[in-house]
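Hello,

Here is the structure I promised to send over. Please open it first, then read my notes below.

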Amino acid sequence: MSEQRFPRHAPARGLYAVTPDGLSTPALLAQAEAALAGGAPLLQYREKSGDRTRRREQATALLALCQRHGARLIINDDLELALAIGAHGVHLGREDGNLAAARAALGPDRILGASCYNEFALAQQAAQAGASYVAFGAIYASPTKPGAVQAPLSLLQRARRELLPAYPGLTLAAIGGITLTNAAPVLAAGAQCLAVVSDLFQAPDIPARAAAYQRLFRESTCHDQP
């Protein structure tokens, strides 16, 4: 069994709401609050704008919303911003920085997430570097990233079988094309967090959709099994 080098501080299991890119600040805050009101325990701020002042203002406002709702805010791809505003953690992709260095900067008490695409080896490396969760995807064809590589459900099954016993507290996340109608097999395969963009934020009733995802987790007995 691999040595657990860091406390994992795993994110709460359940819906992982990922904000759409390019929203105005009022629209972003309204949609984020709707998802949080529906019970989403995790919110990721994903914004590719180069306007750092705008990004900091939005992230700071989202952090206040998360604190009000008892949720946690993860910043996508920007460790500096996460540290500057005191966010609960950061999510890094393959090209977004060294995970071990990010863990050292974050300290032991914040969340570190890693994109692992369809590669088990990346998940192993992330776990060794101190990641709190590893994210596989796209599980299904994704309207947000139509060119993303596809990660089979068997990858989640392998990670549940091999990584969770070796790295206690590590969480498995899934992303890409996930909807209420196709989520059950993803939970059964081992996902403990479902990262959702379109099916949540394009829903006619965002709080109801978030609540439905949380209900799906409560009703599932499969996602919590190693």
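Of the 226 residues in the protein, 52% are buried (under 20% relative accessible area, with exposed over 50% and partly exposed in between; 1.4 Å probe, protein chains only). Please note that this is a predicted model: local features need pLDDT of at least 70, side-chain atom pairs count only at pLDDT 80 or more, and totals for chains, interfaces and linings use all residues. Residues are numbered from 1 along each chain as its sequence is written, and side-chain values use heavy atoms, with hydrogens and water left out.

Overall fold

The protein has nine helices and eight strands (DSSP runs numbered from the N terminus: helices are H or I with at least four residues, strands are E with at least two). Along the principal axes, the C-alpha atoms fill a box of roughly 45 × 40 × 35 Å.

Contacts here mean heavy atoms within 4.5 Å. Among contacts between residues at least 6 apart in sequence, 62% join residues at least 24 apart.

Strand β5

Start with β5, residues 111-117. Five of its seven residues are buried, so the strand is largely enclosed by the rest of the structure. Strand β4 (residues 89-92) pairs with β5 in the parallel sense, over four bridges (pairing needs at least two DSSP bridges between the strands). His 91 has Gly 113 in β5 as its bridge partner. Strand β6 (residues 133-136) also runs parallel to β5, joined by four bridges. There, Tyr 117 has Phe 136 in β6 as its bridge partner. From β5 the chain crosses through helix α5 (residues 120-129) to β6, in a right-handed β-α-β crossover. Right-handed means that, with the strands pointing away from the viewer, the path from the first strand over the helix to the second runs clockwise. β4, helix α4 (residues 99-106) and β5 also make a right-handed β-α-β unit.

Asp 78

Which loop holds Asp 78? Asp 78 is in the one between β3 (72-76) and α3 (79-85). Its relative accessibility is 8%, so Asp 78 counts as buried. Leaving out residues up to four places away in sequence, Asp 78 touches Arg 52, Arg 55, Val 90 and Leu 92. The side chains of Asp 78 and Arg 52 are joined by a polar contact of 3.3 Å (a pair of N or O atoms within 3.5 Å; within protein, one must be able to donate a hydrogen and the other to accept it, and residues adjacent in sequence count only if both atoms are side-chain atoms).

Best wishes
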